Amino acid sequence: MAILEAAGVSKSFGGLMVLRGVSLTLHEGELRGLIGPNGAGKTTFFNILTGVLSADSGRINFDGQDIGSYPIHQRARRGLIRTFQIPQPFSGMTVLESTMTGTHMYYRAEVWSSVLRTRKEREEEEEARAKAKEILRFVGLADRENALCANLPVGEQRLLELARALAAQPRLLLLDEPTAGLRASEKEALKEVLLEVNKKTTILLVEHDMRVVMSLCSRISVLSYGELIAEGTPEEIQRDPKVIQAYLGEGAIAT
Ligand SMILES: Nc1ncnc2c1ncn2[C@@H]1O[C@H](COP(=O)(O)OP(=O)(O)OP(=O)(O)O)[C@@H](O)[C@H]1O
Ligand SMILES: [Mg+2]
């Protein structure tokens, strides 16, 4: 079953057409790669899917509903969750607190800080804390629970981004270059985590590291200058002349 159907999505910034009629269908359970040279429009596409930007034209169907006019939080509540290309650490918070904020939409965390809390609210906070701890163990950040987010090295900030996204219980997880800035060993560890996540969650993975994409994804879609120029298995993508042409000068498609 299709969980996401984007049809004919276009977007311009001023005179610059950044997405040109992009149509992409994702099936439940997929781990799809979305690649393309710098500036191809990958992040813009994520921004449109999540409601940060609105498309000039086109339709977005998620889980059987046309969500094109829904605000960000309504899309998130339905399970459309993303991480950011540049990690956005909540500076004053600990890793555990930050992960707990991911659960906001399920546990009314805004009331936690109030003095007059009901027992139910205290129970919700405890539930969110337990859930966040479980997720931190899962991504490998258990021993960093009490560290301040802002003090984490980049590898751990990426894991925290993922933890916060997982706390929101995604049905479709949009990952924007999750391995950027990671060391080879950290990438391997993250790959294992993503495969585990994918057992329950559909993933659309924007990634520049071809080794990572080609080893994780069974299908890959390729954007170039805002146009979807190819879709296929890693083998098909690597020998597609249009893809090779798009990457010439980047020298990045070879694995
Ligand atoms: N808010 C904006 N205003 C104007 N131009 C923008 C804006 N956001 C993105 N662009 C332009 O749109 C194009 C696509 O950018 P986008 O960030 O979507 O590319 P990308 O595929 O994510 O690239 P990268 O791999 O470098 O992250 C670029 O030319 C970029 O400069
Ligand atoms: Mg980008």
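Guide: Strand E1 (residues 2-13) is joined to strand E4 (residues 57-62) by five bridges, and the two run antiparallel. Strands (E, at least two residues) and helices (H or I, at least four) are DSSP runs, numbered from the N terminus. The model is a predicted one, in which local features need pLDDT of at least 70, side-chain atom pairs count only at pLDDT 80 or more, and totals for chains, interfaces and linings use all residues. Residues are numbered from 1 along each chain as its sequence is written, chains are lettered from A and ligands numbered from 1 in the order in which they are written, and side-chain values use heavy atoms, with hydrogens and water left out.

Contact means heavy atoms within 4.5 Å. Axes are lines fitted to C-alpha atoms, for helices over the stretch in contact, and angles between N-to-C directions run from 0 to 180 degrees.

The model has another open sheet, of six strands, in the order E6-E7-E8-E3-E9-E10 and with mixed pairing. Strand E6 (80-82) and strand E10 (227-232) each have a single partner strand, so one side of each is left without a neighbour in the sheet. On average, neighbouring strands here are turned by 20° against each other, direction ignored. Helix H1 (residues 42-50) packs on this sheet as well: it touches E3, E6, strand E7 (172-176), strand E8 (202-206) and E9, and its direction makes about 150° with that of E7. Helix H5 packs on the sheet too, touching E6 and E7, at about 160° to the direction of E7.

Now look at strand E3 (residues 31-35). Four bridges join E3 to strand E9 (residues 219-224), and the two run parallel. Leu 34 has Ser 221 as its bridge partner in E9, while Gly 33 has Ile 220. E3 is also joined to E8 by four bridges, again parallel, and there Gly 33 stands opposite Leu 205. Five of the five residues of E3 are buried, where buried means under 20% relative accessible area, exposed over 50% and partly exposed in between (1.4 Å probe, protein chains only). Both faces are covered, with Leu 31, Gly 33 and Ile 35 on one side and Arg 32 and Leu 34 on the other.

The magnesium ion (ligand 2) is coordinated by Thr 43 (OG1) and Gln 85 (OE1), at 2.0 to 2.3 Å. The two residues are 42 apart in the chain: Thr 43 is in H1, and Gln 85 is in the loop between E6 and helix H3 (95-101). Donors are N, O and S atoms within 2.8 Å of the metal (3.2 Å for Na, K and Ca), and water is not among the atoms, so sites may look incomplete. Thr 43 counts as partly exposed because its relative accessibility is 25%. Gln 85 is partly exposed as well, at 32%.

Last comes the packing. The largest nonpolar core has 46 residues, and those touching the most other members are Ile 35, Val 139, Leu 162, Leu 173, Ile 220, Val 222 and Ile 237. H5 (residues 154-167) gives the most to this core, with seven residues. Domain 1 (2-89 + 170-247) and domain 2 (92-151) both contribute, so the core lies between them. Apart from this core lies another, of 25 residues, among them Leu 19, Ile 48, Leu 204 and Leu 223. Such a core is a set of buried Ala, Val, Leu, Ile, Met, Phe, Trp, Tyr and Cys residues joined through side-chain atoms within 4.5 Å. The domain bounds come from an automatic or database domain assignment, and the domain centres, taken over C-alpha atoms, are 28 Å apart.

Technical notes
Two strands pair if DSSP finds at least two bridges between them.
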